Amino acid sequence: MNKKELLITGATLAGFVTLGGVQANADQITVKRGDTLNQIAATYNTTAANLAAINHIVNPNLIYVGQIVDTGTQAAATNSTNVQPQTSSETQVTENTTDNQTAAVTTDASSETNAQVEQLYAKNALISTASQYIGVPYVWGGSTPSGFDCSGLVQYVRNQLGFTNLGRTTYQQAATLRAMGYQPKTVAQAEPGDLLFWGGTGNEYHEAIYIGNGQMLVAPQPGMNVEIENVWGNPQAYSFTK
């Protein structure tokens, strides 16, 4: 498959530069060389953080050529026509909420938000760090920047980040994730930063890092280099934290 080109903004990854030139169309745009999320946001009178949230982009500083970005303009128009004013009864319910109930809801929401933020940063770090090794040759059993196989790349990057050691092989890593309580999802449910595994539960033989929009970062096979490819087949996806 053709190697895709990453665009890095606000951070520097070896071998990549950005040039400028957002092209605006309708509710969605296709990222071209030199585009940045900040440029797209300015064109559509929004923010990079808002675009990242709409498109489930883990790292707002990392987009790639060919990526489809929803500008949110249609959603904003729809939401503006559907907003209903709060009725007096709704206001009364809010006012009658006890301090204890409010505190409990706030605590639960805060805990959930913290967990989501931790997971977001972990996935962001995985993608950003792994991107530095694009172009490294595939080596069977390799687990260093001189050569990686699919599981060696994931293990090395996770170790560099100080994440939990999932094991060396693809099978061991998937099994450890399940033992940690993470359950497989379909590839359609995958989020950027998830790990993809081929072979089915208990028979995993290949893995990659999902980066969003049907793309993955992977050490593919002998004779090839670490690169970005289209997701193929029907892998299972696993989320994770550190």
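Predicted model: local features only at pLDDT ≥ 70, side-chain atom pairs only at ≥ 80, totals over all residues.

Colleague: Okay, how many salt bridges does the structure hold?

Modeller: Five. One of them joins Asp-149 and Arg-168, at 3.0 Å from N to O.

Colleague: Where do Asp-149 and Arg-168 lie?

Modeller: Asp-149 is in the loop between strand 6 (147-148) and helix 6 (150-161), and Arg-168 is in the loop between helix 6 and helix 7 (170-179), so the bridge ties together parts 19 residues apart in sequence. Helices (H or I, at least four residues) and strands (E, at least two) are DSSP runs, numbered from the N terminus.

Colleague: Is Asp-149 buried or exposed?

Modeller: Asp-149 is buried, at 8% relative accessible area, whereas Arg-168 is partly exposed at 22%. Buried means under 20% relative accessible area, exposed means over 50%, and partly exposed is in between (1.4 Å probe, protein chains only).

Colleague: And what does Lys-123 meet in a salt bridge?

Modeller: Glu-191, with 3.3 Å from N to O. Glu-191 sits in the loop between strand 7 (185-186) and strand 8 (195-198) and Lys-123 in helix 5 (residues 99-131), so this pair ties together parts that are 68 residues apart in sequence. Lys-123 is buried, with a relative accessible area of 3%, while Glu-191 counts as partly exposed at 38%.

Colleague: Which residues are linked with Lys-123 and Glu-191 in a network of salt bridges?

Modeller: Lys-185 and Asp-194 are linked with them in that network.

Colleague: Now Glu-204. Which residue forms a salt bridge with Glu-204?

Modeller: Arg-178, with the closest N and O atoms 2.8 Å apart. Arg-178 lies in helix 7 and Glu-204 in the loop between strand 8 and strand 9 (206-212), so parts 26 residues apart in sequence are tied together by the pair. Glu-204 is buried, at 7% relative accessible area.

Colleague: What else is around Glu-204?

Modeller: A polar atom of the Glu-204 side chain lies 3.1 Å from the backbone nitrogen of Gly-202. Leaving aside neighbours within four places in sequence, Glu-204 is in contact (heavy atoms within 4.5 Å) with residues including Thr-170, Tyr-171, Ala-174, Trp-198 and Tyr-238.

Colleague: Switching to rings. How many aromatic pairs does the structure hold?

Modeller: Six. Rings of Phe, Tyr and Trp (its six-membered ring) pair if their centres lie within 6.5 Å; planes under 30 degrees apart count as stacked, over 60 as edge-to-face and the rest as tilted. Tyr-133 and Phe-148 form an edge-to-face pair, with 5.6 Å centre to centre and 75 degrees between the planes. Tyr-133 is in the loop between helix 5 and strand 5 (143-144) and Phe-148 is in strand 6, 15 residues apart. Both are buried, and Tyr-133, Phe-148 and Tyr-156 form one aromatic cluster.

Colleague: What about Trp-198 and Trp-232, stacked or edge-to-face?

Modeller: Trp-198 and Trp-232 are stacked, 4.8 Å centre to centre with 25 degrees between the planes. Trp-198 is in strand 8 and Trp-232 in the loop between strand 11 (227-230) and strand 12 (236-238), so the pair ties together parts that are 34 residues apart in sequence. Trp-198 is buried at 3% relative accessible area, but Trp-232 counts as partly exposed at 30%.

Colleague: Last topic, the core. How many residues has the largest nonpolar core?

Modeller: It has 28 residues, and those with the most contacts inside it are Phe-148, Leu-177, Leu-195, Ile-209 and Leu-217. A nonpolar core is a set of buried Ala, Val, Leu, Ile, Met, Phe, Trp, Tyr and Cys residues joined through side-chain atoms within 4.5 Å. Helices 5, 6 and 7 and strands 8 and 9 are the elements that give two or more residues to this core.

Colleague: And which residues does a second, separate core include?

Modeller: That one has 12 residues, among them Val-31, Ile-40, Ala-48 and Val-69.

Note on methods: Residues numbered from 1 in each chain as written. Heavy atoms only, no water. Salt bridge = Lys/Arg side-chain N within 4 Å of Asp/Glu carboxyl O. Polar contact = N/O pair within 3.5 Å; in protein donor to acceptor, adjacent residues only side chain to side chain.
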